[in-house]
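User: Can you walk me through this model? I'd like the overall picture and then some local details.

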Amino acid sequence: MKRILLIYNPVSGSAAFKKNLDEIIEKFQRKNILLTIYRTQAGNFFEDFIECVKNSNAEGVIAAGGDGTLHTVINYLMKAEINLPVGVIGSGTSNDFATQFELDTEKTIAAVAENKIRPVDLGIVNGKEYFINVASAGALTSIAHEVDARQKNSLGKIAYYIHGIGEIPNFKSVPLKISADGENFEFDAFFFLVLNSSAVAGMKKVAPFAQIDDGKLDLIALKKFSPLNLIGLAQKILSGNFIDDENIFYIQAANFEISSAEKLISDLDGEIGDTLPLKIKNVPRSINFFADK
């Protein structure tokens, strides 16, 4: 019988996952998979989690929660140098990495049972914090931290959109200096995204050329322009239909250095990251992921 450690976040999304936990356990058991269950804790639970991983004798780890839960699990495993395949059951408000692989509970269980694994890249920021999906800063990127938890649980992604629309009149651009594999650029922008996959904010094709295992990261920045055009250009970015627009900067590279004269706090997979400047590096095929595609 295969042994898997299931880490679940009891407050992710509508907090419904824990109500379905018995059903999930049954589905894994039907596939001859024995689960050890670990409930995430508030704050830093690194040592407790790593001890659980080692004592479980697990052959893989499944993160049940949103992008932030997956982010924490991957960072803890990487920092402890524990090389186990990772999977995800998307049960948070935002499940962009699960969206990228079109994963639901049944597909994740099937991938684990059939040992379908693919190596994927990670990004690392300032040599210490990993991200699996996106690093960002500027307007819009702080929304995940500003939306009230009760509103998130009741409205889901709509809560983000409502809050974002309300912030549009307050948007301001900031000066950015960007080095992409040694090539330098300077311009004012409202925000930037550094993507490891093509999915963000629930949209599947924001970065249409991004590949999760190509050794590169995709940077998209919305340059300064008239606020009257902001919604239209934001829609272009979210649909991936922006390549020829002069107001949108796009480049692929393995390494980025990003700085600003303004104070900007970064966001990594929905979690608060470092204040700029950032040194962002692709770490090729650094984890194995349970996925059938």
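User: What should I know about the model and the numbering?
Analyst: This is a predicted model, so local features need pLDDT of at least 70 and side-chain atom pairs count only at pLDDT 80 or more, while totals for chains, interfaces and linings use all residues. Residues are numbered from 1 along each chain as its sequence is written, and side-chain values use heavy atoms, with hydrogens and water left out.

User: How many helices and strands does the protein have?
Analyst: There are 9 helices and 15 strands. Helices (H or I, at least four residues) and strands (E, at least two) are DSSP runs, numbered from the N terminus.

User: And how much of the protein is buried?
Analyst: Buried residues make up 50% of the 293 residues. Buried means under 20% relative accessible area, exposed over 50%, and partly exposed in between, with a 1.4 Å probe and protein chains only.

User: What share of the contacts is between residues 24 or more positions apart?
Analyst: Such residues account for 75% of the contacts with a separation of 6 or more. Contact means heavy atoms within 4.5 Å.

User: Switching to rings. How many aromatic pairs are there?
Analyst: A search of the whole structure finds 10. Rings of Phe, Tyr and Trp (its six-membered ring) pair if their centres lie within 6.5 Å; planes under 30 degrees apart count as stacked, over 60 as edge-to-face and the rest as tilted.

User: Which kind is the pair of Phe 45 and Tyr 76?
Analyst: Edge-to-face, because the ring planes are at 80°, with the centres 5.1 Å apart. The pair links distant parts of the chain, 31 residues apart: Phe 45 is in the loop between strand E2 (33–39) and helix H2 (46–56), and Tyr 76 is in helix H3 (residues 67–79).

User: Is Phe 45 buried or exposed? What about Tyr 76?
Analyst: Phe 45 is buried at 8% relative accessible area, and Tyr 76 counts as buried at 10%.

User: How do H2 and H3 cross?
Analyst: Their axes come within 10 Å and cross at roughly 75°. That makes H2 roughly perpendicular to H3. Axes are lines fitted to C-alpha atoms, for helices over the stretch in contact, and angles run from 0 to 180 degrees between N-to-C directions. Angles under 35 degrees count as roughly parallel, over 145 as roughly antiparallel, 65 to 115 as roughly perpendicular and the rest as oblique.

User: Which residues make the contact?
Analyst: From H2, they are Phe 46, Phe 49, Ile 50 and Val 53; from H3, they are Val 73, Tyr 76, Leu 77 and Lys 79. The residues divide into 7 nonpolar, no polar and 1 charged. Ala, Val, Leu, Ile, Met, Phe, Trp, Tyr, Cys and Pro count as nonpolar, Asp, Glu, Lys and Arg as charged, and the others, Gly among them, as polar.

User: On to the backbone. Where is the cis peptide bond?
Analyst: A cis peptide bond joins Leu 276 and Pro 277, with omega about 15°. Pro 277 sits in the loop between strand E14 (271–275) and strand E15 (278–290). Most residues other than glycine have a negative phi, and most peptide bonds are trans.

User: What is phi at Asn 57, and at Asn 126?
Analyst: Asn 57 has a positive phi of about 55° although it is not a glycine. Phi of Asn 126 is near 55°, also a positive value in a residue other than glycine. Asn 57 is in the loop between H2 and strand E3 (61–65) and counts as exposed at 57% relative accessibility. Asn 126 is in the loop between strand E5 (117–125) and strand E6 (129–131) and counts as partly exposed at 29%.

User: What does Asn 126 touch?
Analyst: Leaving aside neighbours within four places in sequence, Asn 126 is in contact with Asp 274, Pro 277, Leu 278 and Lys 279. Asn 126 and Pro 277 are 151 residues apart in sequence, and their C-alpha atoms are 8.7 Å apart in space.
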